[in-house]
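Here is a brief report on one protein model.

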Amino acid sequence: MGARNGFIETIGDTPLIRLQAASEATGCEIYGKAEFLNPGGSVKDRAAWWMVREAEKNGSLQPGGTVVEGTAGNTGIAIAHICNARGYSSVIYMPDNQSREKVEVLESLGAEVRVVPTVPYTNEMNYQKQADRFAQSLDGAVWVNQFDNTANRLAHYESTGPEIWEQTEGRVDAFVCAVGTGGTIAGVSNYLKEQRKEIQSVLLDCIGSALYNFITTGTATMSEGTSITEGIGNSRITDNLADAKIDWALQVSDQEAVSMVYKLLREEGWFFGSSTGVNVCGAVEVARKLGPGHTIVTALCDGGGKYLSSLFNKEWLAERGLFVN
Ligand code: PMP
């Protein structure tokens with residue numbers, strides 16, 4: 001019949017979508033991997049399932065246990081769904097600079113949400129460190145640790161990468177992707193380069209993050225400024241990213257990403273979050289650099305529904321000097 005058996009089996013095997021205007025403008029074939037069509041609504045469903053499954057396999061997560069994570073939101077949403085499907089509880093620590101909608105979705109899913117002040121990773125009150133400490137203090141709890149747990153990138157090495165290779169019939173020339181934990185870019189790039197080592201891997205970074213500098217200079221120093229994007233950018237090199245095979249990096253500004261999100265919405269009917277705007281901008285830039293005739297793949301990370309009060313609120317954008325053209 002081709003039916004999928006329940007929530008877990010619905011994760012992955014997402015369509016590859018040709019982005020029409022981007023392809024026509026560049027003479028390349030630009031495709032987006034439709035990660036927003038995962039059952040929890042984002043690219044993080046795959047990573048969350050691989051990490052929970054790993055905890056089940058190594059015995060740290062037992063029936064009725066609690067899954068704890070620090071997350072900008074999408075990993076938490078994925079974990080909350082998976083915990084419901086597998087009979088676990090979930091406790092999610094989130095920094096207070098994330099959208100209100102993500103907190104509401106998490107609470108609706110039944111997760112216990114703890115919103116904590118946004119402080120750097122080096123501060124002991126950082127949301128990831130609080131999640132770690134809480135898990136250690138609670139019997140039967142596991143800390144997922146998505147940034148340094150390499151079951152995250154394994155998800156993309158074992159599923160997203162092979163799917164892209166098959167769906168493009170091996171014709172992909174470049175994979176272009178913004179980075180949070182690094183799981184997506186590392187897993188996909190490492191898999192694709194094993195198939196054909198010339199395939200280019202391009203890291204996209206937002207402003208106020210250290211990853212562009214890391215790829216271009218080898219040192220993870222933060223770039224000046226801030227970004228409205230959510231789920232991407234980082235101040236440090238995670239275990240998932242550390243030995244990823246990345247060829248070059250590009251920075252994408254918030255204004256470019258916002259304009260792209262609205263262009264995709266108005267001209268092609270898509271409703272995406274800001275990291276997808278970054279990704280499509282990057283894919284277009286890479287297509288221009290490589291020249292016509294190439295095949296570029298990026299990720300369509302999540303939909304716009306969680307960003308109604310931010311990305312899709314024009315006053316909110318204007319207060320931050322961003323406009324919709
Ligand atoms: N886009 C969104 C919307 C995300 O939530 C995330 C995950 N934080 C990413 C992109 C980046 O994915 P990764 O963690 O695999 O680098």
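## Terms and model

A residue counts as buried when its relative accessible area is under 20%, and as exposed when that area is over 50%. The model is predicted.

## Overall build

The protein has 13 helices and ten strands. Its C-alpha trace spans about 55 × 50 × 40 Å along the principal axes. For 325 residues, a compact globule would have a radius of gyration near 20 Å; the protein has 19 Å, so the two agree.

Buried residues account for 59% of the 325 residues. Contacts also reach across the sequence. Of those between residues at least 6 apart, 69% join residues at least 24 apart.

## Surface and charge

The accessible surface of the protein comes to about 13,300 Å². Carbon and sulfur atoms hold 49% of that area.

The protein carries 27 positive and 39 negative charges. How far apart are the mean positions of the positive and negative charges? They are 2 Å apart.

## Strand β7

Strand β7 covers residues 174–178. Five of its five residues are buried, so the strand is largely enclosed by the rest of the structure.

In a regular strand, side chains alternate between the two faces of the sheet. Both faces of β7 are covered. A174, V176 and A178 lie on one side, and F175 and C177 lie on the other. Each of these residues is buried.

## Pairing with β8

Which way do β7 and β8 pair, parallel or antiparallel? The pairing is parallel and runs over five bridges. Strand β8 spans residues 200–205.

One residue pair can be picked out here.

## Two loop residues with positive phi

N145 sits in the loop between β6 (141–143) and α7 (151–167). Its phi is positive, at about 60°, although N145 is not a glycine. Is N145 buried or exposed? The relative accessibility of N145 is 18%, so N145 counts as buried.

E169 is found in the loop between α7 and β7. E169 is not a glycine either, yet its phi is positive, near 50°. The relative accessible area of E169 is 59%, so this residue is exposed.

Notes. Residues numbered from 1 in each chain as written. Predicted model: local features only at pLDDT ≥ 70, side-chain atom pairs only at ≥ 80, totals over all residues. Heavy atoms only, no water. Helix = DSSP H or I, 4+ residues; strand = E, 2+ residues; numbered from the N terminus. Rg over C-alpha atoms; globule rule 2.2 N^0.38 Å. Buried < 20%, exposed > 50% of the residue type's maximum accessible area, 1.4 Å probe, protein only. Contact = heavy atoms within 4.5 Å. Areas by Shrake-Rupley, 256 points an atom, 1.4 Å probe, with all protein chains shown as cover. Lys, Arg positive; Asp, Glu negative; His and termini not counted. Charge placed at Lys NZ, Arg CZ, Asp CG, Glu CD. Pairing = 2+ DSSP bridges.
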